[in-house]
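Dear colleague,

A summary of the findings follows it.

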Amino acid sequence: MADAVIDLNADLGEGFGRWTLTDDEALLSVVTSANVACGFHAGDPSTMRRVCALAAERGVRIGAQVSYRDLAGFGRRAMDVPPEELADEIAYQIGALQVFARAAGSRVSYVKPHGALYNRVVGDSEQAEAVVAGVLRAGAVCDGPLPVLGLPGSRLLAVAEGVGLPVVTEAFADRAYTWAGTLVPRREPNAVVHDPETVITRAVGMARDGLVEAVGGEPIAVQARSLCVHGDTPGAAQLAWRIRGALASAGVRVEAFA
């Protein structure tokens, strides 16, 4: 793929009170976009403020990582939330993060669903429409329409594009893919790729060639403008640096999309 360019994003601020999960400071030295937890699956006001300040200081784009209201389950449990209520909760989370982004001299630049919500809006039009409605409601405090980050071919991106929101496609180097281009559910065996060398190889293949090996061994097309580097795995920051180095060696330019 000529002139390949990719954004590196990571889920950050996923702590609560005295409990911490991600090495935010180290990862913010590597990534170009930060998906900041907005308090519904993780995060709290002080954590949000701190991550926004660090991101602004390092020129990293700030994104709202919105979720179902599921702090106990880390946002990974399936939930049935009425669309109007979900839209309000999405807008609420974006607005809360915007306060801290503005205080840091930056702004919320995009929105990405988390966990169960991310997976739900791949195929659920009603929930996807609710998420998009929430993004639109938050637009008044975010200087206009916010880009939506999501899985290629998802209902979320189709709905967002249909109402004029910018969309950004995303890939995961450390997640297993089905032949249909969707993520293997985390409850299934081998849903997460743990071997660092394999993750790095997959990252380069996705960014440079637009291909990844799906479950079963066949290559599938994965066209993505952003690559997620999960921050909640052991050695995440070191792996992220290795991925960035491998991308550079392969001639892939790393830069933010928003």
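G73 counts as buried because its relative accessibility is 17%, where buried means under 20% relative accessible area, exposed means over 50%, and partly exposed lies in between (1.4 Å probe, protein chains only). This residue belongs to the loop between β3 (61-66) and α3 (83-103); helices (H or I, at least four residues) and strands (E, at least two) are DSSP runs, numbered from the N terminus. From G73 to A42 the C-alpha to C-alpha distance is 9.4 Å, although the two are 31 residues apart in sequence.

Please note that this is a predicted model, in which local features need pLDDT of at least 70 and side-chain atom pairs count only at pLDDT 80 or more, while totals for chains, interfaces and linings use all residues. Residues are numbered from 1 along each chain as its sequence is written, and side-chain values use heavy atoms, with hydrogens and water left out.

The remaining findings concern charged pairs. Side chains of opposite charge can pair when their charged atoms come close. A salt bridge is taken here as a side-chain nitrogen of Lys or Arg within 4 Å of a carboxyl oxygen of Asp or Glu, and by this rule the count is 14 salt bridges. Three of these pairs are described below.

One of them joins the side chains of D11 and K112, at 3.6 Å from N to O. Since D11 lies in strand β1 (residues 5-12) and K112 in strand β4 (residues 108-113), the pair ties together parts that are 101 residues apart in sequence. Both D11 and K112 are buried. A network of salt bridges links D11 and K112 with E170.

D24 and R50 also form a salt bridge, with their closest N and O atoms 3.4 Å apart. Here D24 is in helix α1 (residues 24-27) and R50 is in helix α2 (residues 45-58), so the pair ties together parts that are 26 residues apart in sequence. D24 counts as buried because its relative accessibility is 5%, whereas R50, at 35%, counts as partly exposed.

A further salt bridge connects R137 with E84, the closest N and O atoms being 2.7 Å apart. R137 lies in helix α5 (residues 125-138) and E84 in helix α3, so this pair ties together parts that are 53 residues apart in sequence. R137 is partly exposed, with a relative accessible area of 36%, while E84 is exposed, with a relative accessible area of 51%.
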